[in-house]
Amino acid sequence: MIESQNESRRLLDTEDGEDTRVRSEQDAYLDKVKNGKLFLATLAAVLGPLSFGFVLGYSSPAIPELSTITDPRLRLDDDEASWFGSIVTIGAAIGGLLGGWMVDKIGRKLSLMFCSLPYIFGFTIVIAAQNVWMLYLGRVLTGLASGVTSLVVPLYISEIAHERVRGTMGSCVQLMVVTGIMGAYIAGMFLDWRWLAICCSIPPTIMMVFMCFMPETPRFLLSQGKRREAEEAVRFLRGPDAPAEWECARIEDASDDQGGSLGMADLKDPGVYKPLGVGIMLMLFQQLTGINAIMFYAETIFEEAHFKNSNVATVVVAAIQVVFTAVAALVMDRAGRKLLLILSGVSMCLSTAAFGVYFKLSSETHGNSSGLCLVESPLAENPAVGLSWLALASMGFFITGFSLGWGPIPWLVMSEIFPSRVKGFASSVCVLTNWGSAFIITKTFQDLMDLLTNAGTFWLFSGCCALNIVFTILFVPETKGKTLEQIQTQFKGTPE
């Protein structure tokens, strides 16, 4: 090990002379890196989140069509439509548990390739559906694949990316999710529900093919004792000029410090329970913003806000998500995770409060204070009249805020903060928390609207956004510009 490290230091010093001695070894190494194939591997991996986005977006255009379809075997009533929208989160929660087991047993690459199969099979069952239960089965399978994807892809990208671009690369996960949602909304304007399902099955098929040519992550290969394969993976990802031996030696040193497999005693280790607590709360607060409830029922919300052409409004909302998630990806490694989370929380807190004000004033004016009960009103004739634009502005600011921070960053931070020996277990707990709470919130959203009124529901979400600001300030560490090993050392409270 010592000889390997000395050799790697000589490799670093060969070309840079005096400048390399002044700068840290880490900076000198990164200066030699070429990112082309890293970007290619990231592109192949994020076809999974693109598929995931198509799954989330599929319900919005499909539910109105399936609710009015002439075939009684496939026609959805209100309760069945609610299950069609929310049952995907049950599959995703199960997928999170399965993914946590798979990444430790068969690796990140194979887990990603295998998760394309339930995407394809699920959409095939939806295409061939003869009854409502086949629709449910197809949605559960695509949800299962989404759960595996939401765990494996952030982990894969965080382990192949270096610290200078890890924030940007990691944010591409959420960028592709929202691109998939927008793609499903736009395609749903022109395709019926079966052809839309065919369209949604294309990205996972391409992902399975592309991932055949991408490497396993060096960290996983080293954990399996495959030093030569790990060095080959590093050379593929970093280019021929960067000394692969140095990066592998650094990872092995950190792995030696972290110990072997997970045991119950590890839960008393601050290097485990602190990041686990932060990861769980980030996922819980992400769902308590109400984002999945809002996106699953986006068209219905805009109908309640008296926008007759609500499908166009949801496409606009999705486009805002794509644009500002791309902005977040570009600034992630400059602004830092913590600042963006705080700004995001403030934006969502104010916008959901404003949306509640809209519904409160609208209900007082038009006597429509309960549930998503679509009634005719003077505003329905002309959506530009009165307070309707408050609804559109509130939704726009909410999506902007979410896309800048609480959309991409919880998944990014989850992939950065856990020691190697607990990544599978801890990540699966976080994904289970995310999708379990997503199911509860999505399934009870209609009941919340009935119980608390439209205004009260959005004010509840506003209060949760205020809490996530406080949580971020007090407990979330800044991970910008740090190696994964440095982040884990920070949680332990030991010198780097």
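Mentor: Rings of Phe, Tyr and Trp (its six-membered ring) pair if their centres lie within 6.5 Å. This is a predicted model, where local features need pLDDT of at least 70, side-chain atom pairs count only at pLDDT 80 or more, and totals for chains, interfaces and linings use all residues. Residues are numbered from 1 along each chain as its sequence is written, and side-chain values use heavy atoms, without hydrogens and water.

Trainee: How many aromatic pairs does a search of the whole structure find?

Mentor: The search gives 15 aromatic pairs. Ring pairs join Phe355, Tyr358, Phe359, Phe458 and Phe461 in a cluster.

Trainee: Which ring does the charged end of Arg139 sit over?

Mentor: A charge counts as over a ring if NZ of Lys or CZ of Arg is within 6 Å of the ring centre and within 35 degrees of the ring normal. The charged end of Arg139 lies over the ring of Phe84, 4.9 Å from its centre.

Trainee: Is Trp246 buried or exposed?

Mentor: Buried means under 20% relative accessible area, exposed over 50%, and partly exposed in between, with a 1.4 Å probe and protein chains only. Trp246 has a relative accessible area of 9%, so Trp246 is buried.

Trainee: Where is Trp246 found?

Mentor: Helices are DSSP runs (H or I, at least four residues), numbered from the N terminus. Trp246 belongs to helix H14, residues 244-258. Between Trp246 and Glu231 there are 9.4 Å in space, C-alpha to C-alpha, and the two are 15 residues apart in sequence.

Methods. Helices (H or I, at least four residues) and strands (E, at least two) are DSSP runs, numbered from the N terminus. Rings of Phe, Tyr and Trp (its six-membered ring) pair if their centres lie within 6.5 Å; planes under 30 degrees apart count as stacked, over 60 as edge-to-face and the rest as tilted.
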